Amino acid sequence: MSGDSRRAVASAKRLVVKVGSSSLTSAVGGELDLARLTALVNALSTRRSEGTEVVLVSSGAIASGIGPLGMDTRPRDLARQQAAASVGQGVLLSAYDSAFARHGHTVGQVLLTVDDITRRTHYTNARRTLDSLLEYDVVPIVNENDTVATDEIRFGDNDRLAALVAQLVRADALVLLTDVDALYTAAPGTPGAERVAVVADPDDLGDIAIGGTGSAVGSGGMTTKVEAATIAHAAGIPTVLTSADQVTDALAGEDVGTFFVPTANPRGSRALWLAHATTPRGSVQIDEGAVTALRDRGRSLLPAGVTGLTGSFVDGDPVDVVGPDGTVVARGLVNYTSGELPHLMGRGTKELAEQVGPQYEREVIHRDHLALL
């Protein structure tokens, strides 16, 4: 089963590869390691020369700016991170440009923020840009735009970004490269720890220890990789998680790293976008009857089922929908502001239309703008 599934990676016509900062930087000092970068580019260029379209989601901008700015370690505050990214992005892209040029390949820089993935107009434009670059045989180098992103609108790591980009460009496979060669049943090096070769469903991982951040220059740990693989799984995209030094074997479909089997029933792009690419601005609490209506009957959320709310939001913002036991059951785009909703809770739409006005005879969240979690 594993070999047959991994062949999807070997035969992919459009491939997204994500590499973390720790796989591109030196162990001492955390500066950009050109030898590591070149080895990665050599593997990707070979695959590109065989006809596969390659999108590279690369971390490393902040790490690449540490040396030129005379910093000792990765900065913790946002302003200095953005300064390092501003300098480092040019250093990183120049290194990629030179390395890919040796193979006759052109690269193009694509910097994205959360808005580019979560706002539909931006989302469509990002897809068109990436599609156009691939049509021109360009290798897009994608990164989060760290120079302008704020704490409130950041992906926080490039793993989730890579999974969303894979869905965005309709990739045939996703490869996540890190400084750990696979997912293990316990921390690597722990007595009895075993490699998890195949994950049929991320929900099956159970109590496997996947926490922690791998290095001083990276922002994501194994948890973020599993979350990214979960997004790709839901989108129906085969995913391999392994170390950068095994990239050639991973691309060839060899039994390395951890392979996440894609679901046979992928979510539509709208539901996937709502579930994974949006950041909730608040939440609405609902009663058990509303939970049943949403989960079992595919209904919209009406004011009658709402029992409370938290946060400050406006019409069109994403909000979490929380059941009476505190479980988040869905996320959707709300049709009311947080100021309006308290006056409508527990009341039927016909009653609201008669007593308040016909403009209130509408759902709190329409089922077309709601994703069950």
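A crossing of two helices is left-handed if the near helix is turned anticlockwise from the far one by less than a right angle, and right-handed if clockwise. The model is predicted: local features need pLDDT of at least 70, side-chain atom pairs count only at pLDDT 80 or more, and totals for chains, interfaces and linings use all residues. Residues are numbered from 1 along each chain as its sequence is written, and side-chain values use heavy atoms, with hydrogens and water left out.

Q: How many strands does the protein have?
A: Helices (H or I, at least four residues) and strands (E, at least two) are DSSP runs, numbered from the N terminus. On that basis the protein has twelve helices, and its strands number 13.

Q: What percentage of the residues in the protein is buried?
A: A residue counts as buried under 20% relative accessible area, as exposed over 50%, and as partly exposed in between (1.4 Å probe, protein chains only). Of the 373 residues in the protein, the buried share is 51%.

Q: What percentage of the contacts between residues at least 6 apart in sequence joins residues at least 24 apart?
A: Contact means heavy atoms within 4.5 Å. When contacts in the protein between residues at least 6 apart in sequence are taken, the part that joins residues at least 24 apart is 72%.

Q: What is the handedness of the crossing of H2 and H4?
A: Helix H2 (residues 34-49) packs against helix H4 (residues 78-101) at an angle of about 50°, with axes 9 Å apart; axes are lines fitted to C-alpha atoms, for helices over the stretch in contact, and angles run from 0 to 180 degrees between N-to-C directions. H2 is therefore oblique to H4, given that angles under 35 degrees count as roughly parallel, over 145 as roughly antiparallel, 65 to 115 as roughly perpendicular and the rest as oblique. The crossing of H2 and H4 is right-handed.

Q: How many charged residues are in the contact of H2 with H4?
A: H2 contributes Leu34, Leu37, Leu40, Val41, Leu44 and Ser45, while H4 contributes Leu92, Ala95, Tyr96, Ala99 and Phe100. Ala, Val, Leu, Ile, Met, Phe, Trp, Tyr, Cys and Pro count as nonpolar, Asp, Glu, Lys and Arg as charged, and the others, Gly among them, as polar. The contact of H2 with H4 thus has ten nonpolar residues and one polar, and the number of charged residues is none.

Q: Is H7 roughly parallel or roughly antiparallel to H8?
A: Helix H7 covers residues 158-168, and helix H8 covers residues 222-235. The two pack at an angle of about 15°, with their axes 8 Å apart. The relation of H7 to H8 is therefore roughly parallel.

Q: How many charged residues does the contact of H7 with H8 have?
A: The crossing of H7 and H8 is right-handed. From H7 the contact takes Asp159, Arg160, Ala163, Leu164 and Gln167, and from H8 it takes Thr224, Lys225, Ala228, Ile231, Ala232 and Ala235. Six of these residues are nonpolar and two are polar, and the charged ones number three.

Q: Is H7 roughly parallel or roughly antiparallel to H10?
A: H7 and H10 pack with their axes 11 Å apart, at an angle of about 170°. The relation of H7 to H10 is therefore roughly antiparallel.

Q: Which residues of H10 meet H7?
A: By class, the contact of H7 with H10 has three nonpolar, three polar and one charged residues. From H7 come Arg160, Leu164 and Gln167, and they meet, in H10, Ser269, Leu272, His276 and Ala277.

Q: What is the relative accessible area of Ala162?
A: Ala162 lies in helix H7. Leaving aside neighbours within four places in sequence, Ala162 is in contact with Val16, Lys18, Val57, Leu174 and Leu176. Ala162 is buried, with a relative accessible area of 0%.

Q: What is the relative accessible area of Arg170?
A: Arg170 lies in the loop between H7 and E5, and its phi is near 60°, a positive value in a residue other than glycine. Arg170 is partly exposed, with a relative accessible area of 44%.
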